Amino acid sequence: MKYGDAHYMAARDAMVAILKGWAREGRTDTYKALSEAVAPEHRVHYHGRMMSLLLADVCRRDSTGPEPMLSALVVNGSSRKPSDQFFELAVTEFHRRDPDWTWEWERDAVFDRYRSPVSL
């Protein structure tokens, strides 16, 4: 898989669908669980750069700025928080610069968005 090719886009779209399902369930899960959920159709290692690229594009596809970042649902197995790349993307592209902003707020906003009957 290469960044931007058809296989990449299919993996991104699969991740969007999986994460929307997690959101409707009110669930967070690990990078490893997401990697396993897209397999075997899409081989994306949970520690790899491709996972970071895909999750950034998941956010870009699902959010246009004010909408919550769908990748807030994907967490590290030990810390139970998103990766540093998530926080960097939140600040640089999604302008989450309010000192009171937290990823927990973002996660809960994703849950609210996708549990709403209008988002289904």
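Which residues is Arg96 in contact with, leaving aside its neighbours within four places in sequence? I started my notes there, keeping in mind that this is a predicted model.

**Arg96**

I found Arg96 in the loop between α4 (84-92) and α5. Leaving aside the neighbours within four places in sequence, I listed its contacts as Gly65, Pro66, Glu67, Pro68, Met69, Ala90, Val91, Trp101 and Glu106. Next I checked accessibility: the relative accessible area of Arg96 is 10%, and under 20% counts as buried, so I put Arg96 down as buried.

Then I looked at what its side chain does with polar atoms. One of its polar atoms sits 2.8 Å from the backbone oxygen of Glu67. The side chain of Arg96 also makes a polar contact of 2.8 Å with the side chain of Glu106.

**α1 against α5**

I moved on to helix α1 (residues 6-25) and helix α5 (residues 103-115), which pack with axes 8 Å apart at an angle of about 90 degrees. I therefore wrote them down as roughly perpendicular to each other. On the α1 side I see Lys20, Trp22, Ala23, Arg24 and Glu25, and on the α5 side Val110, Phe111, Tyr114 and Arg115. By class, that contact has five nonpolar, four charged and no polar residues.

**α1 against α2**

Last, I looked up α1 and helix α2 (residues 31-38): an angle of about 120 degrees, axes 10 Å apart. The two are therefore oblique to each other, and their crossing is right-handed. Here Ala14, Met15, Ile18, Leu19 and Trp22 of α1 meet Ala33, Leu34, Ala37 and Val38 of α2.

Methods. Residues are numbered from 1 along each chain as its sequence is written. This is a predicted model: local features need pLDDT of at least 70, side-chain atom pairs count only at pLDDT 80 or more; totals for chains, interfaces and linings use all residues. Side-chain values use heavy atoms; hydrogens and water are left out. Axes are lines fitted to C-alpha atoms, for helices over the stretch in contact, and angles run from 0 to 180 degrees between N-to-C directions. Helices (H or I, at least four residues) and strands (E, at least two) are DSSP runs, numbered from the N terminus. Angles under 35 degrees count as roughly parallel, over 145 as roughly antiparallel, 65 to 115 as roughly perpendicular and the rest as oblique. Contact means heavy atoms within 4.5 Å. Ala, Val, Leu, Ile, Met, Phe, Trp, Tyr, Cys and Pro count as nonpolar, Asp, Glu, Lys and Arg as charged, and the others, Gly among them, as polar. Buried means under 20% relative accessible area, exposed over 50%, partly exposed in between (1.4 Å probe, protein chains only). A polar contact is a pair of N or O atoms within 3.5 Å; within protein, one must be able to donate a hydrogen and the other to accept it, and residues adjacent in sequence count only if both atoms are side-chain atoms. A crossing is left-handed if the near helix is turned anticlockwise from the far one by less than a right angle, and right-handed if clockwise.
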